[in-house]
Amino acid sequence: MDLFDILLSASFWAAAIRIASPLIFATLGELICERAGVLNLGIEGIMVAGAFAGWIAVWGGLPLWGGVAVAMITGMMLGLVHSILSVPFGLSQHVVGIGLTLLATSLTFYTYRVVLPEVSSPPKITAFQPYEIPLLSDLPIVGPALFSQTPLTYAGFVLAGLTAVVLYRTPLGLAVRAAGENPAAVAAQGLSVTAIRMGAVIVGSGFMAVGGAFLTLSAFDSFFFDMVNGRGWICIALVVFGAWKPGKAVLGAVLFAAFDALQIRLQQTGIGAVVPYQVFLMLPYFLSILALVVMSRRAEIPAALMVPFNKGER
Amino acid sequence: MSTTTEAQVVLRLQGITKRFGPVTANEEVSFDLHRGEVIALLGENGAGKTTLMNILFGQYTADAGEVELFGQPLPPGAPRAALDAGVGMVHQHFTLADNLTVWENIVLGVDDLSGLSLKPREVKSRIRALSERFHLKVDPSAKVGRLTVGERQRVEILKALYRDAKILILDEPTAVLTPQEAEALFATLEEAIATGLSVIFISHKLHEVMAISHRVLVLRHGQLVAERATDSTNREELAALMVGAEVAAPSIESAAPGAPLLSLREVSTPDHGAAPGLKSLNLTLAAGQITGLAGVSGNGQAALSDLLSGLITPASGEMMLAGQSIKNWSARSAIAQGIARIPEDRHKTGTIADFDLTENAILETYASRFSRRGWMDWARARAFTKDLIQTYDVRCPGPDIRIRLLSGGNMQKLILGRVLEEEPQIILANQPVRGLDIGAVNYVHEQLAKARDRGAAVLLISEDLDEIMQLSDVIHVISEGRLSPGFARGSMRPEELGGWMAGHGFDAEATDAA
Amino acid sequence: MRLEPIEAPSPARRIVPPALAMAATFLVAAALALIAGGNPFAVFGLILTGAFGSKFALLETLNSATPLIFTGLAIAVAFRAKLWNIGAEAQLYAGAVLTVILGTGALGLPSYLMLPLCGLAAMLAGALLLLGPALLKTRLGVDEVVTTLLFNFIFLLFVSYLLEGPLKDPMGMGWPKSARLTSEARLPRIVEGLRLHWGFALALVAALLVWVINTRTTLGYEMRAVGQNAEAAGFAGIPVTRVILKTALLSGGLAGLAGFSEVSGLKGALTLDLSPGFGYTGIVVAMLALLHPLGVVLAALFVAAIFVGADSMSRAVGVPSYIADIMLASALLFMVLAILLTKFRVRRD
């Protein structure tokens, strides 16, 4: 199978969309935080916690969408911790984020061991199944690629549209975008920068956790310790790549995922026999760094990103 | 202008007191504002004007006293209350988001955050109507990041008018305008006042206060010390009231120029975002002379200052120091060549807030004077700092406290000491007195004059035309990166300089040269 | 609420918030221990005896503290200059790889040449690995947090490749493991018969050296100036870019030494589980130490004690040893908040 065959196969693009789905949720979450002026490096840990919380809830008897909700709430609670420390107290967003990732990850692993003390391999759940959208899924290539996904994938794309509409078409979105650019402008209009930023971090963290839960509830059917595996950090690069715009960020996630799907397939081709598999696994990370380098000269970065706001400061 | 005491009271402050720890920012401040009235709030930096406005806008809660708006008590600590009741404020540092358009900035916070749509079309047409009526020309769809300073101020005023403000508070509104733009602003205000708008005008420019207000309130150390009807007072009285005593500004005589110490020939630098670079600039700084650089902020002052500070290099043209063409230009070589640099922003550029006075005092010279082969000589650094503190009258507990705890004036004195200590031949003073009280202002001006008298070449960059005209032996105006010819002291009226500041005259100049 | 700087913090102001932070950390851990069915007092008791209760336990704690002192120093140095090096994990492995390449018999050098050579090479490897992200930061403005994080994943895959390929131990029976170092390349034990190796002493010396650099040299002054306010530093003529690059070299070098010390002093060979996250734990160590190099030694001992103690506690009662990681993460978050409260007062407006 050569490259051309791969790129034209529906199963390849179906895989790409599947791989992109968790990234879309988490990237949107990070984008919302950063648009309001907060870099959320807790993303990696929040995704781990979301993956576990959604899965354990379903394993405990909740329906799948109940698991998604549990993951979202878990993420929002972690977001609350981040936002309290980073917004009103204005602590270093680097340190708070890394600390939260460590905390969320270790809490997750601890809970896993407490809930499942004696298991050697984690139990499986019945995950989201693909749902073929009538008519659309019959289209050649596009149909099986785009319209035979699980409901959670569809939800991700809907969420992207929704995020864009809220950011660009509503008073709330206006306030969020202003809070990340010049918080003093928000405060001068009698709005609370603290509330807007905390809200953005909490909601954004909820999305990140759903991104994690996609892994356990849709992509796989179980929870493994290293399953998030740097996806959170990749999403931070995707936000930069997407120039802090939801549409471009989703596009970036799909492109990135297509590349990831490609490297998996290339491993099985003639190239895979010559090149060590680790090289293929490195590619996504290199790609992320490359995206950061290429996009570094852009000026779209929110001007008040990582700048705490202390109201009435003289 | 007539007073309007019989008119309806729109705003009443009653016994407002606010303390920050041991500092009393406002003490028992009470006054009324009437419909269609302009009152000027006059006071030095730190007199409590900003705190008072922050209380009005609910950013702070007063420790005592109350505010009444249109006869209704204003709930304390509720930022939206004053806005919703019809008070608008144009801050000195604009509160606009650069990534948003004009109309987006204007509707920010107008609608409830739970609203579903922004209705851009309606908003824009309303803005157009308002800007036509009050002669505030601006494109509602433009990104604010691309606007000039004057346009931004118009957006700020439109923001207030869009919300149907009945009371408009203007904080130092002319600081960033040319005299002509300021005139236009006053004309707009006159029209708005005629429709019943009331204005609080915060300023320290006495001639403007005299021109536009009906009544003047003077704040000093947080207290309302005087109230005067504008037509029964004069500038001298107001100045004395503001400072609390007669303070004579140093009288600075003009001096004859000496040898040229630094010259720029056809120097250009690239634009930096919205800030213009220098456009084929020619400038000579002569020994024993203060050269004043007037201009509206954001017209290339930053580029010129960065260039002389060693932060950027010319893209084209030549820079000569004492007759030598300069190569390998950097901040360190600028310091080594004896250029004393007083930066525009002493908090961000001039000092490191959490460094102590010693560490700040040696910032420019630690490598050459306070270390040997990479080892710091802290004992010497500390002794040096103690000397500086003495010589330059820096009021502080000692060299070991963090500079963040000093007042602006004392911080500036330490910076002055740091750069003047080695008797530099060239001094670049960029906005050296911004935000200082009159005592400190006079001190800085005296030091600059003293340096000039011993033969230094001084470049004074300021947006305050009065300061430029008071100190400079020769005045240049900068506009969009271009430099006017030098005008001798006293040869130009402010309005004429204002014309150059607005960009007039440069083209004629170019044609003449051609 | 509003934060108001305190001019002269009283002794109580300086001590009470950090003490409360530690108390809160232990409270969180106690609650979690209860949830897992353990008696908190018994759990803390077991952690304490597990870390210090016997000569063996104590030496184990010191050995575990060794790599944490190195990575803690690496991060303290970088963070002080606001260079956000989150890649100490990869830099540690880079040092370990170089140690293995040089120390498994390729060179027939005596011990007194072999050890310094391996150490220096390890430092160089770690330093160069951080130089990349540092250059991306200074040249292109690429945020180093993400690049150093991503480098961790890339470099670990690279190590995995090495251990399955060029560096694979021919006698390893298929395990991804390097050949063992020759005895010339092994750091000896401080006292024969006890497990503590000279890497610990080296770590103490490194801490002392970093302290001297910070307080006595122009580089230390420059690094702090750049970290506190790069704009003012640049204006004053401090070569900001060069200082950041020097910081990166020093920081990466210290992390590289951690790899050298682990392979040469403790393990004797390189495996993929050489570091259970020393690079990340170093962040906690550095923050708990308030970025002070001598504080790093104390913080590393504290952190190591919790890890070693929790391990032994976990074997005795059923409380998972991840409780140690939770304690450290919450200590970090509580502590940064506490430090803020020693300098600022929270006021209602």
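Student: Where is I426(B) in chain B?
Tutor: I426(B) belongs to strand β19 (residues 426–430) of chain B. Strands (E, at least two residues) and helices (H or I, at least four) are DSSP runs here, numbered from the N terminus. Mind that this is a predicted model: local features need pLDDT of at least 70 and side-chain atom pairs count only at pLDDT 80 or more, while totals for chains, interfaces and linings use all residues. Residues are numbered from 1 along each chain as its sequence is written, and chains are lettered from A and ligands numbered from 1 in the order in which they are written.

Student: Is I426(B) buried or exposed?
Tutor: I426(B) is buried, with 22 other C-beta atoms within 10 Å. The cut-offs use C-beta atoms placed from the backbone: 20 or more others within 10 Å is buried, 12 or fewer is exposed, and in between is partly exposed.

Student: And what is I426(B) in contact with?
Tutor: Leaving out neighbours within four places in sequence, I426(B) is in contact with L261(B), L262(B), L285(B), G338(B), I339(B), A340(B), A456(B) and A457(B). A contact means that the C-beta atoms of two residues, placed from the backbone, lie within 7 Å. As for G455(B), 29 residues away along the chain, its C-alpha atom is 9.2 Å from that of I426(B).

Student: Ok, zoom out. What does the domain assignment of chain B give?
Tutor: Domain 1 (7–86 + 198–246), domain 2 (255–338 + 423–514) and domain 3 (345–421). Those bounds come from an automatic or database domain assignment. Between domain 1 and domain 3 of chain B, the C-alpha centres are 37 Å apart.

Student: Sheets next. In what order do the six strands of the open sheet in chain B come?
Tutor: The order is β6-β7-β8-β3-β9-β10, with mixed pairing. At the edges stand β6 (87–90) and β10 (223–229) of chain B, each with a single partner strand, so one side of each has no neighbour in the sheet. The twist from one strand to the next averages 20 degrees. Two strands count as paired if DSSP finds at least two bridges between them.

Student: How many bridges join β9(B) to β10(B)?
Tutor: Six, and the two strands run antiparallel; β9(B) covers residues 215–220. One of the pairs is L217(B), whose bridge partner in β10(B) is E227(B).

Student: Which helix lies across β6(B) and β7(B)?
Tutor: That's α5 (residues 149–162) of chain B, with β7(B) at 167–171, and the helix runs at about 170 degrees to β6(B). For the angles, axes are lines fitted to C-alpha atoms, for helices over the stretch in contact, and values run from 0 to 180 degrees between N-to-C directions.

Student: What about the four-strand sheet of chain B, in what order is that?
Tutor: β2-β1-β4-β5, open, with antiparallel pairing. Here β2 and β5 (72–73) of chain B are the edge strands with a single partner each, so one side of each is left without a neighbour in the sheet. Eight bridges pair β1 (residues 9–20) with β2 (residues 23–34) of chain B, and V9(B) stands opposite H34(B). The hairpin of β1(B) and β2(B) has two residues between the strands, and G21(B) takes a positive phi near 55 degrees there. Over in β4 (residues 64–69) of chain B, two bridges make the pairing with β5(B), with E68(B) opposite P73(B).

Student: Switching to interfaces: how many residues does the contact take from chain A and chain C?
Tutor: 38 from chain A and 40 from chain C. On the chain A side, α5 (93–115), α11 (231–241) and α14 (277–295) of chain A each give two or more residues. The largest share comes from α5(A), with 13 residues. By class, that side has 26 nonpolar, ten polar and two charged residues. Ala, Val, Leu, Ile, Met, Phe, Trp, Tyr, Cys and Pro count as nonpolar, Asp, Glu, Lys and Arg as charged, and the others, Gly among them, as polar.

Student: Last one: where in chain B is confidence lowest?
Tutor: In helix α19 (residues 506–513) of chain B, at a mean of 58, while strand β18 (residues 375–376) of chain B is highest at 97. Over residues 1–5 of chain B the pLDDT is below 50, though beyond near neighbours in sequence this stretch has eleven contacts in the model. Chain B as a whole averages 89, with 96% of the residues at 70 or above. pLDDT is the predictor's confidence in each residue, from 0 to 100. Where pLDDT is low, the predicted coordinates should not be read in detail.
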